[in-house]
Amino acid sequence: MKELIFLHFGNCGCEIGIDLWNLFAKEHKLPSCSLDPGQQNNSINNLSCLYDESIRMENVYHARCLFFDTDSQIQRLTKASSRSQSQFKEENIVSPIDYADYDASSNFGKGYHIMSGEMWDYVKERVRKMVENCDSMGTVLVTHSLGGGTGSGSTSSLIYDLAHEFQLPMVSKYGHDIVDTMIKSCFSIFPTETYSTSILEPYNAVIALHYIHDNVQSIFSYDNYALSNACVESGIKNPNFKEMNHLISQNISTLTSQIRFGSLRDVCETLPISYNANIICNSFVNLQDTSMTELSIKDIFSRNTSMNMANNGVTIAMNIAMRGDFSKNHTSLLSEKLKTDWKFSNETEKAQYQISNKGPENVYPESFNFSNVMHIANNTTSITSYLENLLKQFDLMYSKRAFVHWIVGDGGFEEDGFYEAREQLATTIECYSSFHN
Ligand SMILES: Nc1nc2c(ncn2[C@@H]2O[C@H](COP(=O)(O)OP(=O)(O)O)[C@@H](O)[C@H]2O)c(=O)[nH]1
Ligand SMILES: [Mg+2]
């Protein structure tokens, strides 16, 4: 059983983290929240994949994760979380407020430079402890927003340092040039104008993407505009972050269920096929009670609810994970349908996709009308238009040097970094465009 470590950064990353661990606790039947005492068996529930057993107390498990935010909000959040007593280790909830009165103020530069001195040593030490406690560490996963100051700056700094301090052997399924680092995946909320809290979000996101891109294998992308629409389509009238975070948690849970409940390698390790094209779009199809045998691929995908602002494109690599009442026959049927009817990029010769139906007992959020759900992680050219728009927003400000001094002056970031990050995003867009055929 491979062990996972989660790092939750910034307000957004921590909120998602709390929601996610509540879901994990139910799926793995964590003793402190299990309704069925008969199920409290470590090997049945695969607890060791996510939790460290307490040395001091019986039946107490600690989530293998770290929360980091620059305001004391995080302490309140994790303490208020219903199962926090046994779930979260107090020493893994870190806020610079304990070290100095400092806030990232939605500024990449500030978020980046918070990660220094005593506090930075402490964060790295906590991560090192989690790694050392693993028998066979699978991967480190991160949740954060690309637009926030902590989510962009502090996350970039941590990812950069961890990638350079911890070396892992090279694993590359497709023989392509894939970065190999201890952090396999970031689950990243990309900025959208409707939900932006700061004018700096396009700068923060583009600069952070530059750091993350180099040091992480896959970037699983979401945006709040698409998530809000996805909630509405799933029966929620006026969605808020809480509900949007439920969708993200469901998705992360499904993407990691192969490693948590099966013997397969993690989706996060197998999806990207190119170093420059590693931003994955997420969507789901809620089949409810419709029989899959009656549906064509076109029907299935016409019910596709996207968690990204992405339009049509060609698939470079895809993973479909099924949660619900699906059998092996369903996976082979879907596989046949994909072979004949789905538009894959010519570049990848044979269609690269994998389908799985390994997973925990389903725990769907109460307010959602879910039953049989297919989660689709798609490395697709459809992300291009979103990225082009992000680059346009960046260029619009940068051409006038608007607000640059906030990140450079107040945040202490070198201005060369703006240009390098911009060029990296342009290369990524070019790479995705080359897959169009
Ligand atoms: N989906 C989701 N997005 C959030 C949440 N909180 C903040 N955001 C988004 O994250 C961005 C702001 O980043 P935030 O995480 O608050 O800042 P940070 O603490 O400095 O990293 C904005 O684009 C918000 O729309 C949340 O709980 N869920
Ligand atoms: Mg914050």
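Which element gives the most to the shell around ligand 1? In this predicted model, helix α1 gives the most, with four residues. Helices (H or I, at least four residues) and strands (E, at least two) are DSSP runs, numbered from the N terminus. A residue belongs near a molecule or strand if its C-beta atom, placed from the backbone, lies within 6 Å of it.

Residues are numbered from 1 along each chain as its sequence is written, while chains are lettered from A and ligands numbered from 1 in the order in which they are written. Because the model is predicted, local features need pLDDT of at least 70 and side-chain atom pairs count only at pLDDT 80 or more, whereas totals for chains, interfaces and linings use all residues.

The shell around ligand 1 has 23 residues, of which G10, C12, S145, G148 and G151 come nearest. By class, the shell holds seven nonpolar, 13 polar and three charged residues. Here Ala, Val, Leu, Ile, Met, Phe, Trp, Tyr, Cys and Pro count as nonpolar, Asp, Glu, Lys and Arg as charged, and the others, Gly among them, as polar.

The protein chain contains 17 helices and 13 strands. Of its 437 residues, 50% count as buried. A residue is buried if 20 or more other C-beta atoms lie within 10 Å of its own, exposed if 12 or fewer, and partly exposed in between, with C-beta atoms placed from the backbone. Two residues are in contact if their C-beta atoms, placed from the backbone, lie within 7 Å. Among contacts in the protein chain with a separation of 6 or more, 82% join residues 24 or more positions apart.

Strand β1 (residues 3–9) is largely enclosed by the rest of the structure, because seven of its seven residues are buried. Both of its faces are covered. E3, I5, L7 and F9 lie on one side, and L4, F6 and H8 on the other. Two strands pair if DSSP finds at least two bridges between them. β1 pairs in the parallel sense with strand β6 (residues 137–145) over six bridges. The bridge partner of L7 in β6 is V142. β1 also pairs with β4 in the parallel sense, over four bridges. There, F9 stands opposite F68 of β4.

Strand β4 (residues 65–68) is buried as well. C65 and F67 point one way from β4, and L66 and F68 the other way. β4 in turn pairs with β5 in the parallel sense over two bridges. F67 stands opposite I93 in β5.

Helix α17 (residues 416–434) has 19 residues. From first C-alpha to last, α17 reaches 27 Å, close to the 27 Å expected at 1.5 Å a residue. The expected span is 1.5 Å times one less than the number of residues. F418, A421, L425, T428, I429 and Y432 are buried in α17. Seen down the helix axis, these buried residues fall within an arc of 95 degrees, so they line one face of α17. The arc is that of the directions from the helix axis to the C-beta atoms. Their cover includes α8 (201–215), α15 (384–398) and α16 (404–410). The face turned away from the buried side carries the exposed residues D416, Y419, E420, E423, T427 and E430.

In helix α9 (residues 224–233), the buried residues are N224, A226, L227, S228, A230 and C231. They pack against β7 (183–190), β8 (218–223), α10 and β10 (304–306). After α9 comes G235, whose phi is positive, near 100 degrees. Helix α10 contains Q250, which is buried, with 23 other C-beta atoms within 10 Å. Q250 and L23 are 227 residues apart in sequence, yet 8.0 Å apart in space, C-alpha to C-alpha.

Most residues other than glycine have a negative phi. S106 is not a glycine, but has a positive phi of about 50 degrees. S106 sits in the loop between β5 (93–94) and α5 (108–114). It is buried, with 24 other C-beta atoms within 10 Å. R401 also has a positive phi, near 55 degrees, and is a residue other than glycine. R401 lies in the loop between α15 and α16. R401 is exposed, with 11 other C-beta atoms within 10 Å.
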